[in-house]
Amino acid sequence: MKFNSIIKPIALTLAMMWAFEGIAQTPMQYYRPDNQNGLNIFETSKTDTVEYDGLKVKIGGDFAMQFQSLNQSNDADNLVELGSNLNLPTANLNLDVQLEDGVRMHLRTYLSSRHHEEAWVKGGYLQMDNLNFISDGFLSGFMDVATIKVGMDEFNYGDAHFRRTDNARAIYNPFVGNYIMDAFSTEAFMEVTLQNNGLIGVVGITNGKLNQNVTVNDNSDNKISFFGKLGYDNQINDDLRLRLTGSWYINKGSTTGTWLYSGDRSGSRYYHVTDYMYDDGTGNIVTASDDFSGRLRARFTELTAIQINPFVKYKGLEFFGIYEIAGGGADGEGSFTQVAGEALYRLGQKDQFYLGGRYNTVKGNQVDGAPDIEINRFNVGGGWFLTKNVLTKLEYVKQTYGGDGYAGNAQFEGLEFNGFVIEAAISF
């Protein structure tokens, strides 16, 4: 990659920060803060803490870079050698506009990402927390507990997507990588969220497509996806918060709905792990490289997925968990089960330090009756919020591949990678 392709997005982000310094601090209604204050916020609150006084524009950004020092091996001894060096920095440009009282627009552009070197729009949405623009007090009783979102962006399936890294927005993620089976997709969607006395309900639909188009052929069925969430989230007392949610995603199509675990087009966070070399049949040794290395990108038609997420915070101690099952309804398709647990302890006068660990495992098969594959990952590390907008992290990660489904596989049989990664993240 040319040096200019790296420096231009960074320079543009810095220029935006300088030129719009005052605008960047503009408060938005019903908004998750882009810094340490946004930790452990899931759905945006229905408490209105910002008075509307006309159209406002907030220009923000995210920047992340890693120093990666990983080693890898497999039974075939054909993996690429990994050195210790910097990965390609990633950057986001974020636009948030307060259009009307209770009406806000969000747009995110990936300026630089692992999978796409060029700048491109990730997605955006319109969020409505009241309908006073129709008439004053219109459906006010309903809108006191409801939030309506419409757009082409990530939708609210599960709770893990609130804690993941979104390209360069790494400030909410206590570790470097996202989960092995990463539930995240950007589709045309509409959702309604209800929150009242700790009870949470979400219902929504998407068109089931990651790449939007209107052409059809004999195989097109264009089935829509239905998703939802039910849960409870309550601050029991000053020390204890409890949250438990269950989410589902259903698409009965054969050409839509297959993107839930492969919809992140920015690329994964552990660079060039699992890349391997092979003979192309002409005597030439070539390298197979994957921008999504380290993940399991399950692709089921007629997909049904369920994710259950407990979250407990007691003083400085936090626990977040995942139990998830996903599979296809068509003949010959299998299923995967994902389990994860993450424990953190935050300390310091401003909770600016944290230590913790995460365990994540996925087991199952893509085709019914096939031998199972199993992927296990363990992370341990910590972080330091230098300011509310600047975070640095250090982690040790180990990931292994096993199960009869990998027997005889020249890439994955006996595969393991491990080592240290340092990440710096800035969000504003």
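**A ring cluster and its setting**

Mentor: Among the contacts in the chain with a separation of 6 or more, 66% are between residues 24 or more positions apart; contact here means heavy atoms within 4.5 Å. The model is a predicted one, in which local features need pLDDT of at least 70 and side-chain atom pairs count only at pLDDT 80 or more, while totals for chains, interfaces and linings use all residues. Residues are numbered from 1 along each chain as its sequence is written, and side-chain values use heavy atoms, with hydrogens and water left out.

Let us begin with the whole chain. Its secondary structure consists of three helices and 19 strands, where helices (H or I, at least four residues) and strands (E, at least two) are DSSP runs numbered from the N terminus. The C-alpha trace spans about 70 × 50 × 45 Å along its principal axes. For 428 residues, a compact globule would have a radius of gyration near 22 Å, and the chain agrees with this, since its value is 22 Å. That radius is taken over C-alpha atoms, and the globule rule is 2.2 Å times the number of residues to the power 0.38. Of the 428 residues, 52% are buried; this word means under 20% relative accessible area, whereas exposed means over 50% and partly exposed lies in between (1.4 Å probe, protein chains only).

The structure holds 14 aromatic pairs; rings of Phe, Tyr and Trp (its six-membered ring) pair if their centres lie within 6.5 Å, and planes under 30 degrees apart count as stacked, over 60 as edge-to-face and the rest as tilted. In one of these pairs, Phe155 and Phe227 have ring centres 5.1 Å apart and planes at 40°, so the pair is tilted. Phe155 belongs to the loop between β6 (146-154) and β7 (186-196), and Phe227 to strand β9 (residues 225-235), so this pair ties together parts that are 72 residues apart in sequence. Phe155 is buried, because its relative accessible area is 5%. Phe227 is also buried, because its relative accessible area is 2%.

Tyr157 and Tyr249 supply an edge-to-face pair, with 6.4 Å from centre to centre and 70° between the planes. Ring pairs link Phe155, Tyr157, Phe227 and Tyr249 into a cluster.

Ala425 has its place in strand β19 (residues 416-427). With a relative accessible area of 0%, Ala425 is buried. If neighbours within four places in sequence are left aside, Ala425 is in contact with Phe63, Ala64, Ala170, Ile171, Asn389, Val390 and Leu391. Ala424 lies in strand β19 as well, but it counts as partly exposed, at 34% relative accessibility. Leaving out residues up to four places away in sequence, Ala424 touches Phe63, Ala64, Met65, Leu391 and Thr392.

Most residues other than glycine have a negative phi. Asn197, in the loop between β7 and β8 (199-206), has a positive phi near 55°. Asn197 is exposed, with a relative accessible area of 70%. Lys315 is likewise not a glycine and has a positive phi of about 55°; its place is in the loop between β13 (303-314) and β14 (317-328). Lys315 is partly exposed, with a relative accessible area of 49%.
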